[in-house]
Amino acid sequence: MKRVILTSSSGVGLAHADRADMVVPFIFRFVSGPLPSAEHLNGYLGGRALRIFEEIIWSDCVRQLPYVQRLDREGALLWFCETYGVELIELWFDPEPNSQLQLIWILDYLRSEPSIASSLSLRRVDFDLRGADPTELRHRDVRELDIEEGDFEIASLAWEAYRAPTPELCSGLLDRPLGKLSFLKPAMEDLLAELPSPTTGLGATEARLLELIASGHNRTDQLFRPGALKTRVFDPWELGALLEGLAFGPTPAIAGLDGKLATLDPDNGRGRNAAFRRSRLSLTEFGRAVLEGREDFLRRNPIRRWWGGTLLTNERLWRWDAQRRSLVAP
(Lines give C-alpha, C1' and ligand atoms only; values in the text may rest on other atoms or scores of the structure.)
Protein backbone atom coordinates (compact mmCIF):
# COMPACT_ATOMS: atom_id res chain seq x y z
CA MET A 1 0.00 0.00 0.00
CA LYS A 2 1.39 3.37 -1.01
CA ARG A 3 1.13 5.83 1.84
CA VAL A 4 1.65 9.60 2.05
CA ILE A 5 1.90 11.67 5.23
CA LEU A 6 0.82 15.32 5.32
CA THR A 7 2.24 17.20 8.30
CA SER A 8 3.44 20.57 9.53
CA SER A 9 7.05 21.72 9.63
CA SER A 10 7.15 20.18 13.12
CA GLY A 11 6.85 16.77 11.50
CA VAL A 12 9.80 16.86 9.11
CA GLY A 13 11.41 14.10 11.17
CA LEU A 14 8.75 11.73 9.87
CA ALA A 15 10.68 11.69 6.59
CA HIS A 16 13.32 9.60 8.38
CA ALA A 17 10.89 7.35 10.27
CA ASP A 18 9.99 5.08 7.31
CA ARG A 19 6.27 5.30 8.03
CA ALA A 20 5.27 6.38 4.53
CA ASP A 21 6.47 6.46 0.94
CA MET A 22 6.43 10.25 1.02
CA VAL A 23 6.16 12.93 3.72
CA VAL A 24 4.85 16.37 2.73
CA PRO A 25 5.56 19.07 5.35
CA PHE A 26 3.61 22.32 5.11
CA ILE A 27 5.81 25.33 5.84
CA PHE A 28 3.28 28.10 6.41
CA ARG A 29 3.23 30.10 9.63
CA PHE A 30 -0.39 31.03 10.26
CA VAL A 31 0.13 32.36 13.81
CA SER A 32 2.19 35.46 12.92
CA GLY A 33 2.00 37.99 10.13
CA PRO A 34 -0.67 38.16 7.44
CA LEU A 35 -2.23 34.94 6.21
CA PRO A 36 -1.29 33.84 2.69
CA SER A 37 -4.06 34.55 0.23
CA ALA A 38 -6.41 31.78 -0.89
CA GLU A 39 -4.79 32.00 -4.33
CA HIS A 40 -1.35 31.51 -2.81
CA LEU A 41 -2.45 28.51 -0.75
CA ASN A 42 -4.26 26.90 -3.67
CA GLY A 43 -1.24 27.50 -5.87
CA TYR A 44 1.01 25.82 -3.31
CA LEU A 45 -1.09 22.65 -3.46
CA GLY A 46 -2.03 22.99 -7.12
CA GLY A 47 1.46 22.78 -8.58
CA ARG A 48 3.40 24.95 -11.02
CA ALA A 49 0.38 25.52 -13.26
CA LEU A 50 -1.35 27.46 -10.47
CA ARG A 51 1.78 28.93 -8.91
CA ILE A 52 1.86 32.70 -8.54
CA PHE A 53 5.15 34.27 -9.62
CA GLU A 54 8.00 32.27 -8.07
CA GLU A 55 6.44 30.92 -4.88
CA ILE A 56 7.36 27.40 -3.91
CA ILE A 57 4.95 24.47 -4.20
CA TRP A 58 4.36 21.40 -2.05
CA SER A 59 6.97 19.19 -3.77
CA ASP A 60 9.80 21.69 -3.15
CA CYS A 61 9.74 20.67 0.53
CA VAL A 62 9.61 16.91 -0.04
CA ARG A 63 12.77 14.88 0.43
CA GLN A 64 11.47 11.53 -0.78
CA LEU A 65 10.34 11.49 -4.39
CA PRO A 66 11.94 8.29 -5.70
CA TYR A 67 11.18 7.06 -9.19
CA VAL A 68 9.12 10.16 -9.94
CA GLN A 69 9.37 11.82 -13.31
CA ARG A 70 10.60 15.39 -13.10
CA LEU A 71 7.52 16.92 -14.67
CA ASP A 72 5.25 15.03 -12.30
CA ARG A 73 6.88 16.84 -9.39
CA GLU A 74 5.35 20.02 -10.82
CA GLY A 75 1.78 18.76 -10.63
CA ALA A 76 -0.93 19.24 -8.04
CA LEU A 77 -0.59 17.24 -4.81
CA LEU A 78 -3.85 15.31 -5.20
CA TRP A 79 -3.18 14.64 -8.89
CA PHE A 80 0.22 13.28 -7.94
CA CYS A 81 -1.31 10.97 -5.31
CA GLU A 82 -3.84 9.63 -7.81
CA THR A 83 -1.29 9.21 -10.60
CA TYR A 84 1.17 7.28 -8.42
CA GLY A 85 -1.44 5.06 -6.84
CA VAL A 86 -1.41 6.45 -3.31
CA GLU A 87 -4.02 4.53 -1.33
CA LEU A 88 -3.73 6.22 2.07
CA ILE A 89 -3.08 9.85 3.03
CA GLU A 90 -2.36 10.27 6.74
CA LEU A 91 -2.60 13.60 8.55
CA TRP A 92 0.01 14.01 11.30
CA PHE A 93 -0.44 17.33 13.13
CA ASP A 94 0.60 17.72 16.76
CA PRO A 95 -1.18 19.92 19.34
CA GLU A 96 0.85 23.13 18.92
CA PRO A 97 -1.29 25.99 17.54
CA ASN A 98 0.33 26.50 14.14
CA SER A 99 0.07 22.77 13.38
CA GLN A 100 -3.61 22.77 14.34
CA LEU A 101 -4.26 25.74 12.06
CA GLN A 102 -2.57 23.88 9.24
CA LEU A 103 -4.76 20.85 9.96
CA ILE A 104 -8.01 22.79 9.66
CA TRP A 105 -6.72 24.54 6.53
CA ILE A 106 -5.88 21.28 4.74
CA LEU A 107 -9.13 19.64 5.83
CA ASP A 108 -11.07 22.65 4.54
CA TYR A 109 -9.20 22.32 1.23
CA LEU A 110 -9.76 18.56 0.98
CA ARG A 111 -13.45 18.93 1.74
CA SER A 112 -13.95 20.13 -1.82
CA GLU A 113 -12.48 16.84 -3.08
CA PRO A 114 -15.05 14.25 -1.92
CA SER A 115 -13.31 11.43 -3.81
CA ILE A 116 -10.31 11.76 -1.50
CA ALA A 117 -12.22 11.33 1.77
CA SER A 118 -12.06 7.53 1.75
CA SER A 119 -8.26 7.70 1.46
CA LEU A 120 -7.78 10.03 4.43
CA SER A 121 -6.79 9.06 7.94
CA LEU A 122 -6.18 11.31 10.94
CA ARG A 123 -3.44 10.32 13.37
CA ARG A 124 -4.00 11.48 16.95
CA VAL A 125 -0.55 12.94 17.60
CA ASP A 126 -0.70 13.83 21.30
CA PHE A 127 3.01 14.62 21.61
CA ASP A 128 5.51 17.17 20.28
CA LEU A 129 6.50 16.09 16.77
CA ARG A 130 9.33 18.62 16.55
CA GLY A 131 11.28 17.02 19.37
CA ALA A 132 10.47 13.40 18.51
CA ASP A 133 13.31 11.05 17.57
CA PRO A 134 12.76 9.50 14.10
CA THR A 135 13.83 6.09 15.38
CA GLU A 136 11.15 6.21 18.07
CA LEU A 137 8.59 7.55 15.59
CA ARG A 138 9.18 4.55 13.37
CA HIS A 139 7.65 2.19 15.94
CA ARG A 140 5.46 4.51 17.98
CA ASP A 141 1.82 3.52 18.26
CA VAL A 142 -0.28 6.50 17.17
CA ARG A 143 -4.05 6.12 17.17
CA GLU A 144 -5.67 6.24 13.73
CA LEU A 145 -9.07 7.89 13.17
CA ASP A 146 -11.35 7.93 10.15
CA ILE A 147 -12.39 11.36 8.88
CA GLU A 148 -16.10 11.93 8.37
CA GLU A 149 -18.18 14.76 6.96
CA GLY A 150 -18.71 16.25 10.43
CA ASP A 151 -14.94 16.57 10.86
CA PHE A 152 -14.66 18.45 7.57
CA GLU A 153 -17.49 20.75 8.68
CA ILE A 154 -15.79 21.56 11.99
CA ALA A 155 -12.48 22.24 10.22
CA SER A 156 -14.11 24.54 7.67
CA LEU A 157 -15.99 26.40 10.40
CA ALA A 158 -12.79 26.84 12.45
CA TRP A 159 -10.74 27.97 9.45
CA GLU A 160 -13.41 30.52 8.54
CA ALA A 161 -13.48 31.71 12.16
CA TYR A 162 -9.72 32.20 12.27
CA ARG A 163 -9.79 34.25 9.07
CA ALA A 164 -12.55 36.52 10.42
CA PRO A 165 -11.61 40.18 11.10
CA THR A 166 -11.94 39.83 14.88
CA PRO A 167 -11.66 36.86 17.28
CA GLU A 168 -15.33 36.53 18.37
CA LEU A 169 -15.97 33.49 16.18
CA CYS A 170 -12.91 31.70 17.53
CA SER A 171 -14.03 32.47 21.07
CA GLY A 172 -17.36 30.86 20.20
CA LEU A 173 -15.61 27.66 19.11
CA LEU A 174 -14.51 27.06 22.70
CA ASP A 175 -18.12 26.38 23.73
CA ARG A 176 -18.89 23.71 21.15
CA PRO A 177 -17.78 20.08 20.79
CA LEU A 178 -15.00 19.65 18.23
CA GLY A 179 -15.13 15.87 17.91
CA LYS A 180 -11.95 14.27 16.62
CA LEU A 181 -10.27 17.67 16.35
CA SER A 182 -9.82 17.65 20.11
CA PHE A 183 -6.51 19.52 20.10
CA LEU A 184 -8.08 22.48 18.32
CA LYS A 185 -9.71 23.89 21.47
CA PRO A 186 -6.48 24.25 23.53
CA ALA A 187 -4.74 25.61 20.42
CA MET A 188 -7.42 28.30 20.05
CA GLU A 189 -7.17 29.06 23.77
CA ASP A 190 -3.43 29.61 23.34
CA LEU A 191 -4.00 31.88 20.34
CA LEU A 192 -6.64 33.93 22.16
CA ALA A 193 -4.29 34.25 25.15
CA GLU A 194 -1.87 36.13 22.91
CA LEU A 195 -4.37 38.98 22.55
CA PRO A 196 -3.86 41.83 25.03
CA SER A 197 -4.94 41.04 28.59
CA PRO A 198 -7.65 43.33 30.04
CA THR A 199 -5.34 43.96 33.01
CA THR A 200 -1.88 44.47 31.53
CA GLY A 201 -2.46 44.94 27.79
CA LEU A 202 0.02 42.12 27.14
CA GLY A 203 -0.34 38.80 25.41
CA ALA A 204 0.75 35.60 27.17
CA THR A 205 4.17 35.43 25.52
CA GLU A 206 4.85 39.14 26.10
CA ALA A 207 3.99 38.74 29.79
CA ARG A 208 6.28 35.73 30.03
CA LEU A 209 9.12 37.70 28.42
CA LEU A 210 8.75 40.41 31.06
CA GLU A 211 8.66 37.80 33.84
CA LEU A 212 11.88 36.19 32.67
CA ILE A 213 13.67 39.52 32.22
CA ALA A 214 12.54 40.57 35.71
CA SER A 215 14.02 37.35 37.11
CA GLY A 216 17.43 38.12 35.60
CA HIS A 217 17.30 36.53 32.16
CA ASN A 218 18.76 39.53 30.36
CA ARG A 219 20.23 37.79 27.31
CA THR A 220 18.13 37.13 24.23
CA ASP A 221 19.68 33.70 23.72
CA GLN A 222 18.18 32.72 27.08
CA LEU A 223 14.77 33.99 26.04
CA PHE A 224 14.83 32.54 22.53
CA ARG A 225 15.87 29.05 23.63
CA PRO A 226 13.14 26.55 22.64
CA GLY A 227 10.85 25.87 25.57
CA ALA A 228 12.22 28.70 27.72
CA LEU A 229 8.97 30.66 27.69
CA LYS A 230 6.64 27.68 28.15
CA THR A 231 4.24 29.19 25.62
CA ARG A 232 3.43 27.41 22.37
CA VAL A 233 2.34 29.95 19.80
CA PHE A 234 5.51 31.61 18.54
CA ASP A 235 8.73 30.04 17.29
CA PRO A 236 12.01 31.43 18.68
CA TRP A 237 12.70 33.51 15.55
CA GLU A 238 9.29 35.22 15.92
CA LEU A 239 10.03 36.47 19.43
CA GLY A 240 12.25 39.32 18.25
CA ALA A 241 9.27 41.26 16.91
CA LEU A 242 7.54 40.95 20.28
CA LEU A 243 10.63 42.25 22.07
CA GLU A 244 10.85 45.20 19.69
CA GLY A 245 7.22 46.05 20.36
CA LEU A 246 7.91 46.06 24.09
CA ALA A 247 11.11 48.10 23.76
CA PHE A 248 10.57 50.69 21.02
CA GLY A 249 7.12 52.15 21.74
CA PRO A 250 6.40 55.62 23.18
CA THR A 251 6.47 54.15 26.70
CA PRO A 252 8.85 51.17 26.66
CA ALA A 253 8.47 48.25 29.03
CA ILE A 254 11.99 46.98 28.23
CA ALA A 255 15.34 48.77 28.20
CA GLY A 256 18.61 47.59 26.71
CA LEU A 257 17.46 46.22 23.36
CA ASP A 258 19.95 47.31 20.72
CA GLY A 259 18.54 50.40 19.02
CA LYS A 260 19.87 49.34 15.60
CA LEU A 261 17.06 46.80 15.45
CA ALA A 262 14.60 49.64 14.90
CA THR A 263 16.26 50.53 11.58
CA LEU A 264 17.75 47.25 10.33
CA ASP A 265 16.10 45.62 7.32
CA PRO A 266 13.90 42.73 8.51
CA ASP A 267 15.68 40.47 6.00
CA ASN A 268 19.11 41.31 7.40
CA GLY A 269 19.29 38.18 9.51
CA ARG A 270 23.00 38.41 10.32
CA GLY A 271 22.80 42.03 11.44
CA ARG A 272 19.67 41.44 13.49
CA ASN A 273 21.09 38.36 15.20
CA ALA A 274 24.21 40.31 16.15
CA ALA A 275 22.10 43.15 17.54
CA PHE A 276 20.03 40.76 19.62
CA ARG A 277 23.19 39.15 20.99
CA ARG A 278 24.58 42.55 21.99
CA SER A 279 21.44 43.44 23.92
CA ARG A 280 21.34 43.37 27.72
CA LEU A 281 17.72 43.62 28.79
CA SER A 282 16.02 45.01 31.86
CA LEU A 283 12.55 46.25 32.76
CA THR A 284 11.73 49.92 32.87
CA GLU A 285 9.70 51.27 35.77
CA PHE A 286 6.71 51.22 33.46
CA GLY A 287 7.50 47.60 32.55
CA ARG A 288 7.50 46.62 36.23
CA ALA A 289 4.18 48.37 36.72
CA VAL A 290 2.70 46.54 33.72
CA LEU A 291 3.98 43.20 34.98
CA GLU A 292 2.40 43.87 38.38
CA GLY A 293 -0.92 44.85 36.81
CA ARG A 294 -0.69 48.51 37.84
CA GLU A 295 -0.37 49.81 34.26
CA ASP A 296 -1.87 48.83 30.93
CA PHE A 297 0.68 48.59 28.12
CA LEU A 298 -2.01 49.04 25.49
CA ARG A 299 -3.12 52.42 26.85
CA ARG A 300 0.36 53.90 26.45
CA ASN A 301 1.63 52.20 23.30
CA PRO A 302 0.39 51.32 19.83
CA ILE A 303 0.01 47.63 19.10
CA ARG A 304 0.19 45.78 15.80
CA ARG A 305 -1.00 42.21 16.26
CA TRP A 306 -2.08 39.92 13.46
CA TRP A 307 -5.14 37.80 14.00
CA GLY A 308 -5.72 35.51 11.07
CA GLY A 309 -5.67 37.78 8.05
CA THR A 310 -6.35 41.02 9.94
CA LEU A 311 -3.98 43.49 11.56
CA LEU A 312 -5.43 44.36 14.98
CA THR A 313 -4.63 47.94 15.97
CA ASN A 314 -5.50 49.59 19.28
CA GLU A 315 -8.73 51.00 17.86
CA ARG A 316 -9.89 47.66 16.47
CA LEU A 317 -9.04 45.88 19.71
CA TRP A 318 -10.91 48.47 21.75
CA ARG A 319 -13.99 48.07 19.57
CA TRP A 320 -13.86 44.28 19.87
CA ASP A 321 -13.14 44.34 23.59
CA ALA A 322 -15.33 47.26 24.64
CA GLN A 323 -17.41 45.30 27.17
CA ARG A 324 -14.49 43.46 28.75
CA ARG A 325 -12.40 46.64 29.11
CA SER A 326 -15.30 49.09 29.52
CA LEU A 327 -13.66 51.26 26.89
CA VAL A 328 -15.12 53.16 23.99
CA ALA A 329 -13.14 53.22 20.77
CA PRO A 330 -11.85 56.64 19.73
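Biologist: Why is the sulfur of Cys 61 called too far for a bond?

Modeller: A disulfide is a pair of cysteine sulfur atoms within 2.5 Å. The cysteine sulfur closest to that of Cys 61 belongs to Cys 81 and is 15 Å away, and therefore too far for a bond. Under this rule the count of disulfides is 0. The model is a predicted one, in which local features need pLDDT of at least 70, side-chain atom pairs count only at pLDDT 80 or more, and totals for chains, interfaces and linings use all residues. Residues are numbered from 1 along each chain as its sequence is written, and side-chain values use heavy atoms, with hydrogens and water left out.

Biologist: What pLDDT does the protein chain average?

Modeller: pLDDT is the predictor's confidence in each residue, from 0 to 100. The protein chain averages 89, and 92% of the residues score at least 70. Over residues 323–330, however, pLDDT stays under 50.

Biologist: Why is Cys 170 called buried?

Modeller: Buried means under 20% relative accessible area, exposed over 50%, and partly exposed in between, using a 1.4 Å probe and protein chains only. Cys 170 has a relative accessible area of 0%, so Cys 170 is buried.

Biologist: Is Asp 235 buried or exposed, and how do you know?

Modeller: The relative accessibility of Asp 235 is 8%, so Asp 235 counts as buried. Asp 235 sits in the loop between α9 and α10. Leaving aside residues up to four places away in sequence, Asp 235 touches Arg 29 and Arg 130, where contact means heavy atoms within 4.5 Å.

Biologist: Which residues of helix α1 are buried?

Modeller: Helices (H or I, at least four residues) and strands (E, at least two) are DSSP runs, numbered from the N terminus. Within α1, residues 38–46, the buried ones are Leu 41, Gly 43, Tyr 44, Leu 45 and Gly 46. They pack against β2 (22–26), α2 (77–83), α3 (97–111) and α5 (149–162).

Biologist: What lines the second largest pocket?

Modeller: On a 1 Å grid over the protein atoms alone, a pocket is an open set of points where a 1.4 Å probe fits, with protein on both sides within 12 Å along at least five of seven lines; lining residues have an atom within 4 Å of a point. The second largest pocket is lined by 22 residues, and nearest its centre lie Arg 130, Gly 227, Thr 231, Arg 232 and Asp 235.
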